[in-house]
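Hi,

Here is the structure I promised to pass on. Have a look at it first, and then read my notes below.

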Amino acid sequence: MDVLKKVPVREQAPDVRNKNFDEVCLGYNKEEAMEEATRCINCKNAKCIQGCPVSINIPGFISQVKEGNIEEAYKIISQSSALPAVCGRVCPQESQCEGQCIRGIKGEPISIGKLERFVADWARENNIKPEGATEKKGKKVAVIGSGPAGLTCAGDLAKLGYDVTIFEALHEAGGVLVYGIPEFRLPKQSVVASEIENVKSLGVKIETNVVIGKSVTIDQLIEEEGFDAVFIGSGAGLPKFMGIPGENANGVFSANEYLTRSNLMKAFRDDYDTPISMCKKVAVVGGGNVAMDAARTALRLGAEVHIVYRRSEAELPARVEEVHHAKEEGVIFDVLTNPVEILTDENGWVKGMKCVKMELGEPDASGRRRPVEVAGSEFVIELDAVIMSLGTSPNPLISSTTKGLDINKWQCIVAEEETGKTSKDGVYAGGDAVTGAATVILAMGAGKAGAKGIDEYLSNK
Amino acid sequence: MYKILKAEKLADKIYLMDVEAPRVAKHCLPGQFIIVKMDEKGERIPLTICDYDSEKGIVTIVFQIVGASTEKMAHMKEGDAFSDFVGPLGCASEFVNEDIEELKKKKIVFVAGGVGTAPVYPQVKWMHEHGIDVDVIVGAKNKDILILEKEMEAVAGNLYITTDDGSYMRKGMGTDVLKDLVNNQGKKYDLCVAIGPLIMMKFVCLLTKELGIPTIVSMNPIMVDGTGMCGACRLQVGDQIKFACVDGPEFDGHLVDFDQAMKRQQMYKTEEGRAMLKVLEGDTHHGGCGNCND
């Protein structure tokens, strides 16, 4: 083997997978994982651990994989992460653990994500569960939201012996792992559901269909239901639209709506009742990971799909791997293109989108070169659907119904980074509700910090 | 699971159910709605709340068969259970936060159309419980689909019933009654609340604009999550885009773009039609509708 290169991971062929919803990446088998593990040089001062938002002992678990002790490897990962099968699939490893890997200086970094995924999948297939608390603390914590932040926080607190209840607004637990990230990147039944079962096996209770701020408020949870502390991990929020003419036409969807229909409501399957618009030619506006997910979903539902992005390919905020996969599958990238109007037919349905060409000017506040309109470059793309993937703004349901909970000028909840502590006594927060839309692993890091903060708070109470 | 304690057919295609949902019942206020999901594979269906008993933990819903899912739901009976029942969602009617003494000085008229009578009922009942007599106009296509007459009579100050075809009480639309009350019977109103089909709310609003009566309407657009996440329920209200689920469902009727809302309501009509056919035809469904694979 070439020690400078990763052991390649098997994937479904692009022209096969763009017609099904099965997982794209097939993962390592044990032999491949052990071979890849031998590439790790077990650095004393392991930079990869610093690159991991939940500080997994990466060289520690990899050295167990090298020896073929997968159960031991799983135990090491479980000490730091409640959702390894998820993280191994959706973390942006290239900018975190793998981005720091010493191996990466001369060649390719260790395939840490794929190894983590292998270990977690192996543990699931062999029915290995994380270890729970031996002693109970006799204190109740409410966790709001069952996404990555909430599940991590709940898992950590349960391991410490707290009596934890998660409140989930939707009918199914998992948050963005269930409604946002598609099946072909993150299988719902085999991976997400079983990770949630693991968290439950630690003693965590999950109550679905409870919208905090509507069904019950945080103040009522504390005053009437006897919770000693609360962690808010309610996630991002309301989808943004561009504010251009025609945006309320039939056939214009937010990426949130499109993905929720397909992922949570399983509209892509005939045996589920929720409909999804079957379109022939779709533009997905935006260049983030969510845009890639929406584009690849539309592709699988049979459409010709264009990503319309106002900057150039180099500025695409999506992970390189996602862009690469999308291209392989046949998504067309119309970069340096900005929509100015959505055109409709006489029945109010999308029939096209007027766009202008852009060029890059001076760097803006984000450090990326600002896109500037090219004069006289207007043109029309014929379409029958448009999916807006422009990010989200915070949901006011909780902040507007909780006394003494401060929000910042972006309407995000204000919380200390190290502990998740908010302006309200006993209330902690983390994840997208605090930072605005970010990644699964950053939310998990915030969930961990929140668990630590709550443990300190309740230990001193 | 959320148990159905009572299931009753109120009129042709209109059903009432009492559902055990203590968390929802405890916090319900007039103007809010719930989302119900029948089973694992079902849709999330937003429905208005018709009544609630906070102490007993019961929420009453009324729905009309409009598609495959509501058709299936109509077959559920006492003792069955919904897999999911979430709420109360949306904002309560503005008047519940108003000063009661100020509210008592106002002359209020409710205009209910068809199945819209159900969400009007808890608002009128709330008024009655707070010692406020309001005028209520209920319009129905015909006698057979008039609902909640007795219940409404018990809580309304004056109740005016009208049917499109004249098969019961007056003949004509709710708007005809409102026009008559204001123009010929010397009634003056400070507020109108109109709930019913989009087309009916649109015409009530055109009339009340003319009569100079501020008007609140309750919108029930297509929704998925009902918590602000999907944006499917967006509406043009004045120069702003509003989400019915978190900003509404009640809005200033004089600012709502009803024509756009009516177009958006048609979004899944083809899919709905095919799904409905599948339910109605059962085993004999052969997929001739075009898009079915089975």
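Tyr15(B) sits in strand 2 of chain B, which covers residues 14-20; helices (H or I, at least four residues) and strands (E, at least two) are DSSP runs, numbered from the N terminus. Before you go further: this is a predicted model, where local features need pLDDT of at least 70, side-chain atom pairs count only at pLDDT 80 or more, and totals for chains, interfaces and linings use all residues. Residues are numbered from 1 along each chain as its sequence is written, chains are lettered from A and ligands numbered from 1 in the order in which they are written, and side-chain values use heavy atoms, with hydrogens and water left out.

Is Tyr15(B) buried or exposed? With a relative accessible area of 14%, Tyr15(B) is buried (buried means under 20% relative accessible area, exposed over 50%, partly exposed in between, with a 1.4 Å probe and protein chains only). Leaving out residues up to four places away in sequence, Tyr15(B) touches several others, among them Glu8(B), Leu10(B), Phe63(B) and Ala74(B); a contact means heavy atoms within 4.5 Å. Met73(B) is 58 residues from Tyr15(B) in sequence, yet their C-alpha atoms are 9.2 Å apart in space.

Further along chain B there's a hairpin to look at. Strand 14 (residues 234-237) and strand 15 (residues 240-243) of chain B run antiparallel and are joined by 4 bridges; two strands pair if DSSP finds at least two bridges between them. Leu235(B) stands opposite Lys242(B). The hairpin has 2 residues between its strands, and Gly238(B) takes a positive phi near 60° there.

Now for chain A, which has 19 helices and 18 strands. Its C-alpha atoms fill a box of roughly 70 × 60 × 50 Å along the principal axes. Of its 461 residues, 59% count as buried. Among its contacts between residues at least 6 apart in sequence, 69% join residues at least 24 apart.

Why is helix 14 (residues 255-263) of chain A largely enclosed by the rest of the structure? Because 9 of its 9 residues are buried. They include Tyr258(A), Leu259(A) and Arg261(A). The cover over helix 14 of chain A includes helix 11 (176-179), helix 15 (289-300) and strand 16 (385-388) of chain A.

Cheers
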